[in-house]
Amino acid sequence: MNSEIVHSQDHHRHILNLGPQHPATHGVLRVLLEMEGEYVRTPEPVLGYGHRCQEKIGESKPAKAFMPNTARMDYLAALVYNHGYAALLERALGIEAPERAQYIRIICDELNRIQSHLMWLGAYLLDLGAFTPIMYSFDDRERILDILEAVTGSRLTYCYYRVGGVCQDVDQQFVDDTRAFAKRLRQRFQDYQDLVTGNIIFIKRTRGVAEFTEEMCARYGVTGPVLRAAGVPYDIRKAEPYSIYERFDFEVPTGERGDCLDAYMVRVREMEQSLRIIEQALDGLPEGPVMAKVPKKLKIPQGDYTFSVESPRGELEYYLVSDGSDVPYRLKVRVPSYSNLSPMSELSRGMLLPDMIAVMGGLDLVIPEIDR
Amino acid sequence: MEGNAIFQELFKMSMAMTGIMVLVFGNAILMAYFERKWSAHMHRRLGPMEVGPHGILQSIIDGVKLLGKQLIVPRDADRTLYRLAPILSMAPVVLAFIVFPFAPKLQAVDLEIALVFVLSMASLNVLAILIGGWGSNNKYGLFGAIRSVAQNVAYEVPMLLALLAVILVSNTLSFEGMVRAQQDLIWFVFLQPVAFLIYIVSGIAETNRAPFDLPEAESELTAGFHTEYSGMGFALFFLAEYTNMLIVASVAAFAFLGGYAGFPLPFFEYSGVIWYLAKVYLLMFFMVWVRFTYPRTRFDQLMNFSWTYLIPFALVNLLITAVVVKL
């Protein structure tokens, strides 16, 4: 392995293996740490423990058969991954999904985003040593999973969107449940505010820890809430609106200092914005079909195509090269977690171990997405 | 004649030790259950429900499971230290109970220096954690052990300073004396509120519980000093933690909350025991509540908090107390 750590001869330093089995890495990430006491000198993420050749699988079977696999890359934002891939193929084939399908996609995407942020909130507080918030956020998250289970048939790795629409229409029950949930979550934000945001130890642990700058984010390609916490209002939903996002009125929350507390606040405020989008979409939900006319065999015209969507973790981009057959010649997925993890090495040099854990948690990493 | 006296003394000793062991193990079983149930209800969960009605037998089953587990000594671990640590963590904390007056006349030994004895026994736990973490030849264990030593050194100072104020007021080191002094005056929690607060904060830090659970910080050090322990080795550390909680709560009850004082209950000769237990479990509920409310502090913040807030406040409090008592 080409690593600066292994060649170190300094006897004051020792090597600590954080992971691949460690409570704070939330998956199979291994971080090789060169430590001096409790101070981290050189952190080095080691990737690949969960590699499943997802991109290669995408290149070895008909394009639309890859849809279920997209959900397995980021298990917390499966619908957003579905959306990106379906929209990519729609762009390649020149198909337009019906109006109602677009609205349903937006609602489900945003529900999925809130669910992912809730999961992150709980897990992050668990990283910081607080046990209660994850129980509260799981309570709310369960309700989203129940709503999504009723329409999609699964609870985590959804395969709901299709090229040209969604596979099944939603009913009045879904609309009512979602409205009730939005109302409930608004009240629950007060609980999170009281328990977490106002908690003195929480603020002491996150304020000023790992200050991302705009320059550093640009250098590493960091996107999503981490970038927005550094003060850059870059959100694909606003920057290059896909689907029908330009019709909705919502804000892109940003932070000022780019530290862990800002990243936390950005995510909490994003959940509120997602609720706004959901309510607007429910109000405007039109009647009509949910699937466009799509040929049985999808012959993708020769050329290369990209499509970007805003996943809860940042910019997710699909890139597809076609040789004219129904099997993609090349499929590349640009995942946000990979770029977001990259600056960790630079950022956490000289930090205490607990701070490094706080930084790593604040990036909201989903390891299967990195390894795919 | 003399042999008879020795026999009586031995009988008294073994009765006292039996009573204390019942208290210690009963407390561990109860607290393991209570902590899970209390935290569950704070989390809007049910907690253990399967074993017995409302899961009341859960901790007994857990104990049986731990008893049945194989004792594993990791390769390259220091076998002697590794095996010694759990025993060393358990034995002294049990001894601390012999000086507690659970009710009037219900006490094994009324030592003149009871408070010093209890604190020294309770702080031997650090040694056990240190050699356990060192002996298991695990980096996480070593981190936990080192953190534990630094933390306990930092927090024993304010704890002693807070208790010194109480000693000045009550003019005794014996718990029986403190309880009687409080019956004459008023509960010391009203006389010494600052000392009480400082004592409780340092007490939580002494027992290595959240938000000061740095030696076993799960999300940082997996399990800290007991990472490599399984079966009864782990169970003894676990027992010692709950027993330490009981000691900290007991000292708080005796030194600040009037000990066994309370109005006598008609049906029970030793009704003081009930008042003592009520106060102790109230304090322990508070400790559990704190644990499930706050995130973990960082190590340097923890030390700074002790040296820059707790110790100066405790010193000022002690000075004021000394001046007032002298007047």
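Let me start with a contact between the two chains: in this predicted model, the side chains of A:Asp139 and B:Arg44 meet in a salt bridge, with N to O at 3.2 Å. How many salt bridges does the rule find across the interface of chain A and chain B? The count is 3.

The segments of chain A that face its partner come next. β1 (14-18), α4 (99-127), α5 (132-152), α6 (172-197), α7 (200-206) and α14 (353-362) of chain A each supply at least two residues of the side that touches chain B. By class, that side of chain A has 22 nonpolar, 8 polar and 8 charged residues. In terms of contact, 38 residues of chain A meet 23 residues of chain B. The number of residue pairs in polar contact between chain A and chain B, both at pLDDT 80 or more, is 12.

The size of an interface is often given as the accessible area lost when the parts come together. Here chain A and chain B bury about 2600 Å² between them, with 59% of it on carbon and sulfur atoms.

I turn now to salt bridges in the structure as a whole. Over all chains, the structure holds 47 of them. In chain A, the side chains of A:Glu211 and A:Arg257 form one, at 2.8 Å from N to O. A:Glu211 lies in the loop between α7 and α8 (214-220) of chain A, and A:Arg257 in the loop between α10 (236-239) and α11 (260-284), so this pair ties together parts that are 46 residues apart in sequence.

In chain B, B:Glu176 and B:Arg180 give a local case. Their side chains meet in a salt bridge of 3.7 Å, N to O. Both residues lie in helix α6 (residues 175-184) of chain B, 4 residues apart, about one turn of the helix. B:Glu176 counts as buried because its relative accessibility is 9%, under the 20% limit. B:Arg180, at 44% relative accessibility, counts as partly exposed.

A further pair in chain B links two loops. B:Asp213 forms a salt bridge with B:Arg296, the closest N and O atoms being 2.9 Å apart. B:Asp213 sits in the loop between α8 (193-206) and α9 (218-221) of chain B, and B:Arg296 in the loop between α11 (271-291) and α12 (299-326), so the pair ties together parts that are 83 residues apart in sequence. B:Asp213 is buried at 12% relative accessibility, and B:Arg296 is buried at 3%. Back in chain A, salt bridges that share partners join A:Glu110, A:Arg113, A:Arg228, A:Asp235, A:Arg237, A:Glu270 and A:Glu310 into one network.

Another residue of chain B deserves mention. B:Glu241 lies in helix α10 (residues 231-256) of chain B and is buried, with a relative accessible area of 17%. Its side chain is joined to that of B:Arg209 by a polar contact of 3.2 Å. Leaving aside residues up to four places away in sequence, B:Glu241 touches B:Thr207, B:Arg209 and B:Glu216.

I close with the cysteines. By the rule used, there are 0 disulfides over all chains. For A:Cys217, the nearest cysteine sulfur is that of A:Cys260, 12 Å away. A:Cys217 counts as buried, at 1% relative accessibility, whereas A:Cys53 counts as partly exposed, at 40%.

Conventions. Residues are numbered from 1 along each chain as its sequence is written. Chains are lettered from A and ligands numbered from 1 in the order in which they are written. This is a predicted model: local features need pLDDT of at least 70, side-chain atom pairs count only at pLDDT 80 or more; totals for chains, interfaces and linings use all residues. Side-chain values use heavy atoms; hydrogens and water are left out. Contact means heavy atoms within 4.5 Å. Buried area is the accessible area (1.4 Å probe) that two parts lose on being put together, summed over both. A salt bridge is a side-chain nitrogen of Lys or Arg within 4 Å of a carboxyl oxygen of Asp or Glu. A polar contact is a pair of N or O atoms within 3.5 Å; within protein, one must be able to donate a hydrogen and the other to accept it, and residues adjacent in sequence count only if both atoms are side-chain atoms. Ala, Val, Leu, Ile, Met, Phe, Trp, Tyr, Cys and Pro count as nonpolar, Asp, Glu, Lys and Arg as charged, and the others, Gly among them, as polar. A disulfide is a pair of cysteine sulfur atoms within 2.5 Å. Buried means under 20% relative accessible area, exposed over 50%, partly exposed in between (1.4 Å probe, protein chains only).
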